[in-house]
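Student: I have a model open and want to learn its labels. Can we go through them one by one?

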Amino acid sequence: MPKVLICVVVKNMDIIKGICKYGTIPIVRMIQGRGLSYKNIYEDRIKKTFKNYDHNIKERNHLLYETLLYALNHVPFYKELAKDIHLSEETVEQDIIQFPILTKDIIRTKGSLLYSDEQTPYYINTSGGSTGEPVAFRQDKRRLQFDDSAYFMTYAGYDLGDKYLIIWGSERDIIQGSQGIKALVGKYALRYRMINSFSMDENDFKKCVEIINTWKPKVIRAYVQSIYEIAQYIERNRINIFSPTGIIVSAGTLYSDWKEYIEKVFHCPVCNQYGSREVGGIAIGCKEEGTLHINMFSNYVEILDDNYEQTEKGEEGQIIVTNLLDRAMPIIRYQIGDMGTLGENINCSCKRHTTTLKNVTGRTVNIFKTASGKKVDGEYFTHLFYGKEWIKKFQVVQKSFNRIEIHIVSRDVEKNKEDIVEIEKCIQLVMGEDCNVEFFYEQNIEPSPSGKFIYTISEI
């Protein structure tokens, strides 16, 4: 390491952070297959977002054009459509509507027709399986160079080499990152620690709090359900907790009440990370204004109505994503299964100039429906359980237009009959007086295969 660089490291950051930032992290990431340019790509992605908005849109559209053109030339499924598609870089945002919507069912039925005809290095990944059978994807190995997690953590105050804590609920990810030599590499070379939050009890909460207070991470990354329950444990036991510069949450809907509560307990901003295994990081919440900055050089986002037409400004619709990096199996206009609204503000006070999402309101399966065609957002039902201390965990399931099941795990206190009556009345208020609400008391409610806990599910 050059002498000048050593002086800079010692002057502006702790020595261990400097060693990790300029030494161990780039080396380990290279060994892991993320390439020689890992650190340069990480820093370039940060700088890009502060460039002029029009410049960023032009670069994003170039990436989009190159992705669509590649698919038309090298992917059998899209090559069949090429003769009917007109494509120009200047009009690519309009031209993309000529491409069909990609669904999980199409991926299952078309299979290898969606693969590139070139010998592109790839690895296999699967969708999380939160709402059904997981789907397998080929993913371009060059995507590994673009570390969305590290990039997104910068929105919460992270810099490469800082300590961070991962509180994660995916058994697959936990097994890969928290055992044996990988755990040691993570802790000492990459400066992170990982906690399994797939199923936590009081002892697990206690251990987690002890790690936060002794490890003192700059940033915490966590499943939203997990960090919310940890915050409840902290407040319930009146524990003094270390405050990181920010908390990044994912793998579930960040309700506004939950955001405020977690921020109150940890005394730091909470940023909502939105993404999926299929396309990677899609957007990250801004701690300045609360909107989500789209990861616009990796993913192009559309918001469409039920007829797959573009929505009006400020109107909620289905989130459709096109990945801009993958060549092994281009993901174009993928129906991810979530609802959201595009943001209109391009002059964010954080000085980043990206496209934005105003909000992500959750899975389409969280939208309840009445026989008359009325739609009720699942968040309505979650609010009915707030402040009821005897309820430890709950899940609301719509089985039919006129039948809803409430599954409850209660604490070791007497059930409140008045709360039950109130919950039933509030549900019937929006779903109809003839809606039958049944309550079931469980020992435990299991999360989905991906580790996400789903509070509201509509099966119709």
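Student: Which strands does helix H15 lie across?
Tutor: This is a predicted model. Helix H15, residues 417–431, lies across S16 (391–400), S17 and S18. H15 runs at about 140° to S18.

Student: What is the strand order in the open sheet of 4 strands?
Tutor: The order is S18-S17-S16-S19, and the pairing is mixed.

Student: What makes S18 and S19 edge strands?
Tutor: S18 (436–441) and S19 (456–458) each have a single partner strand, so one side of each has no neighbour in the sheet. The twist averages 15° from one strand to the next.

Student: How do you know that S17 and S18 pair?
Tutor: Pairing takes at least two bridges. S17, residues 403–410, and S18 share 6 bridges, in the parallel sense. They therefore count as paired. Glu405 stands opposite Glu438 in S18.

Student: Why is H2 called roughly perpendicular to H3?
Tutor: The label covers 65 to 115 degrees. H2 (residues 15–34) and H3 (residues 38–48) pack at about 105°, with axes 8 Å apart. H2 is therefore roughly perpendicular to H3.

Student: Which residues meet there?
Tutor: From H2 come Lys21, Tyr22, Ile25, Pro26, Arg29 and Arg34. From H3 come Tyr38, Lys39 and Glu43.

Student: How many residues of this contact are nonpolar, polar and charged?
Tutor: The contact of H2 with H3 has 4 nonpolar, no polar and 5 charged residues. Tyr22 in H2 is one of its residues, and Tyr counts as nonpolar.

Technical notes: Residues are numbered from 1 along each chain as its sequence is written. This is a predicted model: local features need pLDDT of at least 70, side-chain atom pairs count only at pLDDT 80 or more; totals for chains, interfaces and linings use all residues. Side-chain values use heavy atoms; hydrogens and water are left out. Helices (H or I, at least four residues) and strands (E, at least two) are DSSP runs, numbered from the N terminus. Axes are lines fitted to C-alpha atoms, for helices over the stretch in contact, and angles run from 0 to 180 degrees between N-to-C directions. Contact means heavy atoms within 4.5 Å. Angles under 35 degrees count as roughly parallel, over 145 as roughly antiparallel, 65 to 115 as roughly perpendicular and the rest as oblique.
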